Amino acid sequence: MKTSEEAEFRAFVTSRWPRMLRTARLLTGHHHDAEDLVQAVLAKAYVKWERIQRTDDPDAYVWRIMINANVDRLRRTRVREWLTNRIPETAVPDGTERIAERSALAEALHRLPPRQRAVIVLRYLEDRSESEVAGLLGTRVGTVRSHAARALRALRDQPGMNGTDTGEDASAGSTVTPRGGLRSEEVRR
């Protein structure tokens, strides 16, 4: 580009910048996007400035470049960005602790003798009554109660089942509560 044409381009940019920025702001909706759009348009106009000068209306030519550049920008944008002062994501509780607890419970259940494991699973995990469990296992209600008591004691004594990793003081304040709602105090009765 010749120096005279460059001077004319600078004069054009200086005189049109506020108006172009205002129009770009209305097209894009954001001040920073508007500045980017105007700069991209002026870069394209600079390359074609000789041809633009020969047209009847250089303003219309540059505005047409701006409209087309904005449409191209919108086509490339697949996800719209919305400026907000709120965080859109909601906090989700961390489930890793529950997975670890389930894994520890499954291991502890696996260590129980088969009859005690069956009583615990049927009574507390499937939430069946003592008489139902006795009927399913073909035994008496008293046997179900004694198996349940021994199994719960064994579970409490296993490391990690009391909320501690040591297994010490397993009988005091048990945190392992089967879904049936029985606590260690109720089982002892």
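**Figure 1. In helix 8, Val 144, His 147, Ala 148, Ala 149, Ala 151, Leu 152, Leu 155 and Arg 156 are buried.** Buried means under 20% relative accessible area, exposed means over 50%, and partly exposed lies in between (1.4 Å probe, protein chains only). The model is predicted, so local features need pLDDT of at least 70 and side-chain atom pairs count only at pLDDT 80 or more, while totals for chains, interfaces and linings use all residues. Residues are numbered from 1 along each chain as its sequence is written, and side-chain values use heavy atoms, with hydrogens and water left out. Helix 8 covers residues 141-157. Its 17 residues should span 24 Å at 1.5 Å a residue, and the end C-alpha atoms are 24 Å apart, which agrees. The expected span is 1.5 Å times one less than the number of residues.

**Figure 2. The protein chain has nine helices and zero strands.** Helices (H or I, at least four residues) and strands (E, at least two) are DSSP runs, numbered from the N terminus. Read from the N terminus on, the elements run α-α-α-α-α-α-α-α-α. The protein chain has 189 residues, of which 28% count as buried. Contact means heavy atoms within 4.5 Å. Among contacts between residues at least 6 apart in sequence, 51% join residues at least 24 apart.

**Figure 3. Helix 2 has a buried side and a face turned away from that side.** The buried residues of helix 2 are Ala 34, Leu 37, Val 38, Val 41, Leu 42 and Ala 45. They cover an arc of only 130° around the axis, which puts them on the same side of helix 2. The arc is that of the directions from the helix axis to the C-beta atoms. An α-helix has 3.6 residues a turn, so residues three or four places apart point the same way. The opposite face carries the exposed residues His 32 and Val 47. What covers the buried residues includes helix 1 (3-28), helix 3 (49-54) and helix 4 (58-76). Helix 2 itself covers residues 31-47. These 17 residues should span 24 Å at 1.5 Å a residue; the end C-alpha atoms are 25 Å apart, which agrees.

**Figure 4. Helix 1 packs on helix 2 at an angle of about 145°.** The two axes are 9 Å apart. Axes are lines fitted to C-alpha atoms, for helices over the stretch in contact, and angles run from 0 to 180 degrees between N-to-C directions. The crossing of helix 1 and helix 2 is right-handed. A crossing is right-handed if the near helix is turned clockwise from the far one by less than a right angle, and left-handed if anticlockwise. Residues of helix 1 in this contact include Phe 9, Val 13, Trp 17, Met 20 and Leu 21. Their partners in helix 2 include Ala 34, Leu 37, Val 38, Val 41, Leu 42 and Ala 45.

**Figure 5. Helix 1 also crosses helix 4, at roughly 35°.** Here the axes come within 11 Å. This crossing is right-handed. On the helix 1 side, the contact includes Phe 12, Arg 16, Arg 19 and Met 20. On the helix 4 side, it includes Pro 58, Asp 59, Val 62, Trp 63 and Met 66.

**Figure 6. Asp 59 forms a salt bridge with Arg 16.** A salt bridge is a side-chain nitrogen of Lys or Arg within 4 Å of a carboxyl oxygen of Asp or Glu. The closest N and O atoms of this pair are 2.6 Å apart. Asp 59 lies in helix 4 and Arg 16 in helix 1, so the pair ties together parts that are 43 residues apart in sequence. Asp 59 counts as buried at 17% relative accessibility. Arg 16, at 23%, counts as partly exposed. Leaving aside neighbours within four places in sequence, Asp 59 is in contact with Phe 12, Arg 16 and Arg 19.

**Figure 7. Glu 107 meets Arg 111, and Glu 126 meets Arg 128.** The whole structure holds five salt bridges. Between Glu 107 and Arg 111 the N to O distance is 3.5 Å. These two residues are four apart in helix 5 (residues 96-111), so about one helical turn separates them. Glu 107 counts as partly exposed at 43% relative accessibility. Between Glu 126 and Arg 128 the N to O distance is 2.9 Å. Glu 126 is partly exposed at 40%. Arg 128 is partly exposed at 29%.

**Figure 8. Glu 132 lies in helix 7 (residues 130-137).** Glu 132 is partly exposed, with a relative accessible area of 41%. Val 144 is twelve residues from Glu 132 along the chain, and their C-alpha atoms are separated by 9.9 Å. Val 144 is one of the buried residues of helix 8.
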